[in-house]
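Please open the model in your viewer and keep the sequence panel at hand. The stops below are arranged as a series of selections.

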Amino acid sequence: MSFFDRDKKSSETAGNQSNFNNASQLNNDQSQFSSVPPYPQDDNSTPDHLQQQQQADPDVHMSAQATPPVDHITDADMPDDNASVRPDGPELNGYYYEEQTVPAKNNNDWEGTESQLDSLKSQETTLKDQLRHELLSSRSYYNYVLRSLGDDQDNARVQTNDQIDKINTSLKKWFDSDEMANEIFLDPNRNYFIFHDHLDINPDDGESQMWRQLTDTFNDHGFLANTITVSYDDMANQTWADYQNSGLVNPNSYLLNMYNDLQGRNQNVAVSPAEIPFEDNYHIEHDNEKNIDKVYDDDNLIMEVARDNKNQLKIIRHYDDRKLLSRDIFDVNGVNSATQFYDPQNPNRVIRENFYRQDGTLVMIKSYTEDEPFIQLFSRGNVLISTFASDEDLIFWWLKNQALRNMQATIFVSIDSHFYKRLLGLRKYSVEIIPIVMTQDQNAGVVTNLLDGTDKVTAVFAGNKNVNGYLNKNAKVKMDISTLNDVETPIYKH
């Protein structure tokens with residue numbers, strides 16, 4: 001090789017030779033530190049061998065470093081996937097690259113945290129449901145207390161209203177509203193009554209449905225509701241037994257009728273059946289058509305005697321010159337319970353009624369003339385107790401002073417009752433009044449008074465869900481509203 005050729009080749013490799021020499025010098029400098037481990041030996045060459053080749057013949061070194069042609073690369077020339085990867089650029093003698101192990105770490109910690117949050121949300125939902133129930137139950141109780149307070153119990157009323165306001169504040173805080181209708185609070189230790197004007201012997205479908213729903217609702221709450229009626233009805237006890245046998249009312253409940261109570265018919269007293277007055281000159285003729293016995297004094301009609309199918313006295317009509325004077329009415333015990341007196345000028349007009357106890361003493365007079373009070377009430381010693389201007393006044397007095405005396409009572413009454421409005425006055429004596437609305441179109445005037453707050457009613461029994469929704473939607477005052485249990489109405493064959 002000529003001098004010029006060698007010079008040219010040296011020029012082409014000058015850069016590589018310079019880099020190698022620099023690396024060699026750096027290696028020599030660093031070899032002074034004994035703590036640096038030696039570079040691992042290659043299978044084909046060692047650092048000492050490489051230095052000797054460089055000193056003897058630089059061309060040999062360059063030839064050894066030349067890259068083989070692409071078509072001569074074999075699998076053996078390819079890097080091992082499991083081998084350590086060395087960094088690009090020149091290798092530093094005495095150093096080697098070691099793959100860094102990634103520290104073990106649980107990258108799924110967020111799943112546990114998220115699970116805890118989900119659990120907390122579930123607990124929050126459960127607790128809020130429990131809180132809602134407890135708040136509404138508590139508000140129902142205080143509303144119940146409020147309904148039971150008399151009008152003169154101002155301090156207790158203020159304290160109760162404060163409790164209700166506190167509950168409403170909590171409802172707004174947690175549920176953004178306190179506009180939630182409570183269920184009626186029913187205290188099993190309280191005395192409950194269904195008020196009914198009169199027991200119909202054959203109640204229609206609507207009335208039968210009401211009785212069944214009330215009975216099923218009370219049974220579902222585990223308490224009895226007895227019944228109060230206020231009409232004179234000699235067959236009331238028998239009708240009540242029929243109601244019990246047909247399932248309209250609970251067989252263990254009882255009937256409290258005002259006339260039965262005033263006349264002592266509910267008491268176990270010895271009674272003497274009435275006897276028909278009869279004289280030797282009287283004679284009897286039987287009227288087959290009317291099934292009555294007519295008693296004559298000579299040719300004058302004195303009496304007409306009617307008996308029931310058990311041959312027990314039922315009615316005796318008294319006549320004077322064939323004009324009806326009076327009519328004696330006998331109860332189920334065969335005792336004269338009432339006598340009606342007729343206007344001599346108008347035999348169809350009753351001018352007076354006398355009512356008797358089982359022992360025969362006079363208990364009450366009802367007068368239909370302007371000459372005396374409408375109702376007079378007497379003691380057993382025939383002493384006047386009180387007078388009343390109307391049936392409503394008598395019923396109010398009896399409920400307050402006798403039927404519900406010294407008793408914490410609640411009365412359920414249909415808004416169709418003739419006495420409903422007057423019963424509301426009992427609230428000042430701690431008697432709770434809860435009206436019953438069976439249908440939306442029932443007694444529109446009274447329902448309007450319920451909804452606009454005129455009657456100050458705070459609890460209502462609804463006959464069905466539609467009525468409940470109607471009352472909730474249209475009420476301008478807060479009320480507790482419960483729906484009577486929905487029961488299937490039996491189909492009767494006529």
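Leaving aside its neighbours within four places in sequence, with which residues is Ser-390 in contact? Select Ser-390 in this predicted model and display its surroundings: the residues in contact, apart from those within four places in sequence, are Phe-374 and Ile-375. Ser-390 belongs to the loop that joins strand 13 (384-388) to helix 10 (391-403). Its relative accessibility is 19%, and because buried means under 20%, Ser-390 counts as buried.

**The antiparallel sheet**

Next, select strand 12 (residues 375-378) together with strand 13; the two pair in the antiparallel sense over 4 bridges. Within this pair, Leu-377 has Ser-386 of strand 13 as its bridge partner. Now extend the selection to the whole open sheet, in which 10 strands follow the order 4-5-6-7-8-9-10-11-12-13 with antiparallel pairing. Strand 4 (282-287) and strand 13 stand at its edges; each has a single partner strand, so one side of each is left without a neighbour in the sheet. From one strand to the next, the twist averages 20 degrees.

Helix 10 lies across strand 11 (362-367), strand 12 and strand 13, and its course runs at about 135 degrees to strand 13.

Clear the selection and turn to an open sheet of 7 strands, ordered 3-2-1-14-15-16-17, where the pairing is parallel. The edge positions are held by strand 3 (255-257) and strand 17 (480-483), each with a single partner strand, so one side of each is left without a neighbour in the sheet. The twist in this sheet averages 25 degrees from one strand to the next.

Select strand 1 (residues 191-196) and strand 2 (residues 225-229), which pair in the parallel sense over 5 bridges. Ile-194 is found opposite Thr-227 in strand 2. Then show helix 7 (residues 205-221), which packs on the sheet and touches strand 1, strand 2, strand 14 (409-414), strand 15 (432-437) and strand 16 (459-462). The direction of helix 7 makes about 180 degrees with that of strand 1. Helix 13 (residues 465-474) also packs on the sheet, touching strand 15, strand 16 and strand 17; its direction makes about 165 degrees with that of strand 17.

**The largest cavity**

Which residues line the largest cavity? Select Ile-194, Thr-215, Phe-218, Asn-219, Phe-223, Leu-224, Ala-225, Val-249, Asn-250 and Ser-253 to display the lining. By class, the lining residues divide into 6 nonpolar, 4 polar and no charged. The volume of the largest cavity is about 60 Å³, and the structure holds 2 cavities of 30 Å³ or more.

**The second largest pocket**

The elements giving two or more residues to the lining are helix 5 (109-148), helix 6 (154-175), helix 13 and strand 17. This pocket has a volume of about 760 Å³. Colouring its lining by class will show 14 nonpolar, 7 polar and 11 charged residues.

Conventions: Residues are numbered from 1 along each chain as its sequence is written. This is a predicted model: local features need pLDDT of at least 70, side-chain atom pairs count only at pLDDT 80 or more; totals for chains, interfaces and linings use all residues. Side-chain values use heavy atoms; hydrogens and water are left out. Buried means under 20% relative accessible area, exposed over 50%, partly exposed in between (1.4 Å probe, protein chains only). Contact means heavy atoms within 4.5 Å. Two strands pair if DSSP finds at least two bridges between them. Axes are lines fitted to C-alpha atoms, for helices over the stretch in contact, and angles run from 0 to 180 degrees between N-to-C directions. On a 1 Å grid over the protein atoms alone, a cavity is a set of points where a 1.4 Å probe fits but cannot get out, and a pocket is an open set with protein on both sides within 12 Å along at least five of seven lines; lining residues have an atom within 4 Å of a point. Grid points are joined across faces, edges and corners, and a volume is the space filled by probe spheres set on the points. Ala, Val, Leu, Ile, Met, Phe, Trp, Tyr, Cys and Pro count as nonpolar, Asp, Glu, Lys and Arg as charged, and the others, Gly among them, as polar.
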